[in-house]
Amino acid sequence: MIKALAGISPQIKQYLIITGNYWAFTLTDGALRMLVVLYFHQLGYSPINIAMLFVFYEVFGVITNLIGGWLGARWGLNKTMNIGLGMQIVALMMLTVPADMLTVVYVMIAQALSGIAKDLNKMSAKSAIKLLVPKDSAGSNNKLYQWVAVLTGSKNALKGVGFFLGGVLLTTFGFKGAIQLMAVMLLFVWIWSLFSLKAELGKAKHKPKFTEIFSKSSSINLLSAARLFLFGARDVWFVVALPVFLATTFNWDHWWVGGFMASWVIGYGMVQSIAPRFTGQIPSPRSAAIWAGYLAVIPVLIAIALHYQFYVQFSIIVGLLIFGGLFAINSSLHSYLIVSFASSERVSMDVGFYYMANAMGRLIGTVLSGWIFQVYGLEMCLWISALFIATAAVISSQLDHRATG
């Protein structure tokens, strides 16, 4: 292992450390999401109240991605990564107070810190890839796509493990014990990171002005808009509606809900990692529209099955698996395109702007997931999901195939 690392450039070593930190953070992020959903459902919170717990998480994700890219360009991605890890530890410790203090507003504030932390980590890790693949090397675009796919896929597979971990920890240690255990684990990672991350990867030679945070690239703006609707389409039924539906309609316990959601996200991450096999090694930007068109069909079919009560449990499970596979390809393709489109001179700012739109989509999807499910049910959540995906497809069809950073 040490001999293998000896031949790796210092820059790539730093990126590997960033990736390791990202993975550790992702475990706690996935587990925390499942812990909050299941625990507060257990306390009798309504779906819309559970959704509200995540509103600040997503709102501050929007702000963080917009500003975080600018901070990464000025300070370096190592600093933004360490700040994110530290903030997640604080967010976790905030949730270890007595149960009667866990009001909606208090948990929303803790989730706000967690949202900032998560998006600082994501922006740092994904921005770094652009800087590691030489643009003049043979097959650089192919390698870039593969690296993005592996990072994105492995992260989501670990997030799925986190979902399962959240269900297990809640059953085994209770809410407070589970949170404390995760905080201690992440504290060790943070201390290691403070001493290991030294290279100022991603730090711009000329410090950008704050007014430069908005992208002037039409391709990045279009792709960002498509990403907003794509992730809104996923979260409108996945974040609150689906876990509560599984727990109430199918009478699944925490283990079953957490295990199923975990398996879905792990499989989703595995498909993301091999997305180039499905889309081609260097896909055209407009292929994003084609794959979104395939995806839009799935929530329509599940909604029809629910309406006619056609083997509901079978339809939900199989439909979700197919949706996950197609969504994984769409997500991986988008992640490659943004890194490809981003300018090398302002990569963290372009990527940050794009993930700001991603966070906005999650915010809209999360709020709608609780509200629409409570008022109209899961079927309506699926119809809105299909509409959002169709909108993403139309926007993606306008992408310029010549646009690269």
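Let's start with helix H12, which covers residues 287–307: its 21 residues reach 32 Å from the first C-alpha to the last, close to the 30 Å expected at 1.5 Å a residue (the expected span is 1.5 Å times one less than the number of residues). Helices here are DSSP runs of H or I with at least four residues, numbered from the N terminus. After H12 comes Gln-309, whose phi is positive, near 55 degrees.

A word on what you are looking at: this is a predicted model, in which local features need pLDDT of at least 70 and side-chain atom pairs count only at pLDDT 80 or more, while totals for chains, interfaces and linings use all residues. Residues are numbered from 1 along each chain as its sequence is written, and side-chain values use heavy atoms, with hydrogens and water left out.

Now turn to a pair of helices. H10 (residues 254–273) and H13 (residues 312–341) pack at an angle of about 35 degrees, with their axes 8 Å apart; axes are lines fitted to C-alpha atoms over the stretch in contact, and angles run from 0 to 180 degrees between N-to-C directions. The contact residues divide into eleven nonpolar, five polar and no charged.

Finally, look inside. There is one cavity of 30 Å³ or more, a cavity being a set of points on a 1 Å grid over the protein atoms alone where a 1.4 Å probe fits but cannot get out, with lining residues having an atom within 4 Å of a point. The largest cavity holds about 360 Å³ of space. Its lining has 31 residues, with Asn-156, Lys-159, Phe-163, Arg-234 and Arg-362 nearest the centre. H2 gives the most to this lining, with seven residues.

Methods. Helix = DSSP H or I, 4+ residues; strand = E, 2+ residues; numbered from the N terminus. Nonpolar A, V, L, I, M, F, W, Y, C, P; charged D, E, K, R; others polar. 1 Å grid on protein atoms, 1.4 Å probe; cavity = no way out; pocket = protein on both sides within 12 Å on 5 of 7 lines; lining within 4 Å. Points joined across faces, edges and corners; volume = space filled by probe spheres on them.
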